[in-house]
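This report walks through selected features of one predicted model. The sequence and structure come next, followed by the points in turn.

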Amino acid sequence: MENQRPLILVSNDDGITAKGISELIKFLRPLGEIVVMAPDMARSGTACSLTVKEPIHYQLLRKEVGLTVYKCSGTPADCVKLAFHTVLDRKPSLVVGGINHGDNSAVNVHYSGTMGVVMEGCLKGVPSIGFSICSHDPNADFEPAGEYIRDLARKVLEKGLPALTCLNVNIPAVKELKGVRVCRQTKGQWVNEWENFAHKDDAHYYWLTGNFENAEPDNEETDHWALDNGYIAITPTTVDVTAYGLMDELKSWF
């Protein structure tokens, strides 16, 4: 590996063949040496889950100057853990997840395998960023976001991020982006989440579906407002989920 250049670890949850990860690699290559360890198939919605009941396997797919690509039979978080344990010869300067096909704004951050990549990198003490686009089209157009993605990654490489804090970046699927807004997570919830899918004589089969119910559609501080209005939404995200404001109240109970 070229020790003079920053080392960037890349993974995703859509799988190694997804267009999003190929575009991400293309955007990041000018910034450093890239090592990719990504799932061998789509594993969306796996969050930070780990494979614990069976072994996982990785395979080298491609190696050239500045780029090494592996696929892995595990989850996105498995991929990051395994890369650190096996194929990286030094601690990376940056961990990047994506580009996910489908946004991870609002409460989606809790379900996202893309953010599972980012959380795992963050837990290992590495500045980490997750990128997602608001389109499930397998051939989505990522090009309008390319320079923004490269610029943000460059800034994080230069400036770093606070410990246990990462960035959740969501990109509207538009031809012309208005710019970047730093946002907070939108308050809301998923509703109508299951669709019945009767199977032969058994009606107890369901597909996960649903609609996101935005509790604050007019709040300009939120990631959903930014995306609905053509801006890239950057949400600083912490892996420390302690509710500090409740601690004194709970202590008074005892």
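## Packing around helix α1

The buried residues of α1 pack against the strands β1 (7-11), β2 (33-39), β4 (67-72), β5 (94-101) and β6, and also against the helix α4 (146-159). The residues concerned are Gly20, Ile21, Glu23, Leu24, Ile25, Phe27 and Leu28. Because seven of the ten residues of helix α1 (residues 19-28) are buried, the helix is largely enclosed by the rest of the structure.

## Ser132 in strand β6

Strand β6 spans residues 128-133 and includes Ser132, a residue that is buried, with a relative accessible area of 0%. The side chain of Ser132 makes a polar contact, at 2.9 Å, with the side chain of Asn104. Neighbours within four places in sequence left aside, the residues in contact with Ser132 are Ile99, Asn100, Gly102, Asp103, Asn104, Thr114, Val169, Asn170 and Ile171.

## Backbone geometry

Most residues other than glycine have a negative phi, and most peptide bonds are trans. The bond that joins Gly98 and Ile99 is a cis peptide bond, with omega about -10 degrees, and Ile99 has its place in strand β5.

Positive phi values occur in two residues other than glycine that are described here: Leu164, with phi near 60 degrees, and Asn192, with phi of about 50 degrees. Leu164 lies in the loop between α4 and β7 (165-171) and is partly exposed, with a relative accessible area of 38%. Asn192 lies in the loop between β9 (188-191) and β10 (194-196) and is exposed, with a relative accessible area of 58%.

## Cysteines

A search of the whole structure finds zero disulfides. For Cys72, which counts as buried at 1% relative accessibility, the closest cysteine sulfur is that of Cys79, and the 3.9 Å between the two sulfurs is too far for a bond, since a disulfide requires cysteine sulfur atoms within 2.5 Å. Cys134 is partly exposed, with a relative accessible area of 31%; the closest cysteine sulfur to its own belongs to Cys183, at 11 Å, which is likewise too far for a bond.

## A nonpolar surface patch

Leu246, Leu250, Trp253 and Phe254 make a nonpolar surface patch of about 510 Å². Among them, Leu250 has its place in helix α6 (residues 244-253) and is partly exposed, with a relative accessible area of 34%. An α-helix has 3.6 residues a turn, so residues three or four places apart point the same way.

Notes: Residues numbered from 1 in each chain as written. Predicted model: local features only at pLDDT ≥ 70, side-chain atom pairs only at ≥ 80, totals over all residues. Heavy atoms only, no water. Helix = DSSP H or I, 4+ residues; strand = E, 2+ residues; numbered from the N terminus. Buried < 20%, exposed > 50% of the residue type's maximum accessible area, 1.4 Å probe, protein only. Polar contact = N/O pair within 3.5 Å; in protein donor to acceptor, adjacent residues only side chain to side chain. Contact = heavy atoms within 4.5 Å. Patch = residues over 30% accessible without salt bridge, like charges linked within 9 Å, V, L, I, M, F, W, Y side chains within 5 Å. Areas by Shrake-Rupley, 256 points an atom, 1.4 Å probe, with all protein chains shown as cover. Salt bridge = Lys/Arg side-chain N within 4 Å of Asp/Glu carboxyl O.
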